[in-house]
Amino acid sequence: MAVELDVELVSPEEVTYSGSAEMVIVRTVEEGDIAFQAGHVPFLGVLAPWSVDVLRPGGERDTFAVHRGFVEVSHNKVTILSDVSEPAGEIDVARAEAARQRASEALSADADDAGAAAALERAELRLRVAAA
Amino acid sequence: MPGGRERELRRRIGSIQSTKKITRAMELIAATRVVKAMQRANAARPYARLITSVIEDLAAGGAEVDHPLLRQAPEVRNVGFIIITGDRGLAGAYNTSVIRTAERQVMAHVSEGKGYSLCCVGRKSASYFRFRNYRIDHAMSGFSDNPSYDDARRIAETVSESFLSETVDQVELIYTEFVSMGTQRVVVRRFLPLVDTEMMAREGSGTGREGSFEFEPSPEAVLEALLPRYTEARLYGALLDAAASEHASRQRAMKAATDNAEELITKLSRAMNQARQDAITTEIMEIVGGAEALGGGESTDVDLALASMLAGTDASDLVPAGGHAA
């Protein structure tokens, strides 16, 4: 049996998730998706606002929306440090939809509104993760 | 006037009793909050520890950066202070000891000819320094007993900004460290500039790790993204410690207040009972005196009434009886 990875999702307030996994898929800021399996070389990366997929040994998959953060891999341990991360099951789709609506309206009124652009990105990520 | 003193004492006892109820309630509330605050402080520890260990790995991976948050000013002209106190009093010496330490620090720097800039967190420190005509550059309050990470981020951003714009060359963080339920102490910590990465690594757990990390996009970019988070995490940790300390101090202060109220009530009750006895005695003397003056020394109903009164009947019942005999 393959060696498993220890996965921890840590927010400033608390450890939000911990478990073991066969593979963890994240997306870093520049170079696209990257997947970790046991035995990966030590790695440190800045995460893009994107989903994090944890493939559990039983074949289950836990998906999180991670809005920003870092991933550190060493000694078969994957640590994701993030201010804001949400498990797919806890995303309020109706709220995310409303937020997307609001943000795109604000953005069409003022294309340079950085706050609205970020809000739109967040809402779209939530919807995508919730739908996955 | 007989009875006047008794009434006054009774009123005081009543007021102390209601004070005691309030302090007891505050004590109980603080006791539950301090437990919650401690749990939060413990829950926040993994993040702070991990972010330090990431910096450690970066240092091991040889990231050499000239990040503005690491800027060591050749000459420190202005010093910023982040002073973390509570929003409310009734917490014993909690607020005053932080304020006193802060003021001493400010004085020390001013006497060396440096400027100062205050960032007061919590209503108590803001009102103290405002009253004494210190210049306050930032004041934030309303979250001292239950700080959120957003609060920490707001403060960190404000302070980092003034550091980056070179308004201040150095920032000190003054708060109360929560050591245990019984011990909290005021500490002064260097907040900015961040000591260089090797120093941070030494501050951390110091676990030996190999230095062959892969970085994405690059060690410098990772560090750049990491340092602001690191300042936020540190400030958040300080806020949580301060909140736990505040609740612990309040619990202790309110316990002392409740005990004191109890003692006062016992003492005043004794005084009140004595006053009542005195009043009764005075009344009896008056009755006896009055009866003797009118009755010319004959043995009358009054003597009988007096005898029964001394046997324990209430004095007030005897006033009409005495009047009747006259």
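Chain B has 8 helices and 6 strands, where helices (H or I, at least four residues) and strands (E, at least two) are DSSP runs numbered from the N terminus. The structure is a predicted model, in which local features need pLDDT of at least 70, side-chain atom pairs count only at pLDDT 80 or more, and totals for chains, interfaces and linings use all residues. Residues are numbered from 1 along each chain as its sequence is written, while chains are lettered from A and ligands numbered from 1 in the order in which they are written.

Followed from the N terminus, the elements of chain B run α-β-α-β-α-β-α-β-β-α-β-α-α-α. Among contacts in chain B (C-beta atoms, placed from the backbone, within 7 Å) between residues at least 6 apart in sequence, 79% join residues at least 24 apart. Of the 326 residues in chain B, 33% are buried, that is, have 20 or more other C-beta atoms, placed from the backbone, within 10 Å of their own.

Turning to the interface, 24 residues of chain B are in contact with 22 residues of chain A. On the side of chain B that touches chain A, α1 (4-60), β6 (214-216) and α6 (219-295) each supply at least two residues, and the largest share, 9 residues, comes from α1(B). By class, this side has 18 nonpolar, 1 polar and 5 charged residues, with Ala, Val, Leu, Ile, Met, Phe, Trp, Tyr, Cys and Pro counted as nonpolar, Asp, Glu, Lys and Arg as charged, and the others, Gly among them, as polar.

Strand pairing, which requires at least two DSSP bridges between the strands, also links the chains: β5 (residues 43-47) of chain A and β6(B) pair in the parallel sense over 3 bridges, and L44(A) stands opposite F215(B) in β6(B).

Note on methods. Two residues are in contact if their C-beta atoms, placed from the backbone, lie within 7 Å. A residue is buried if 20 or more other C-beta atoms lie within 10 Å of its own, exposed if 12 or fewer, and partly exposed in between; C-beta atoms are placed from the backbone.
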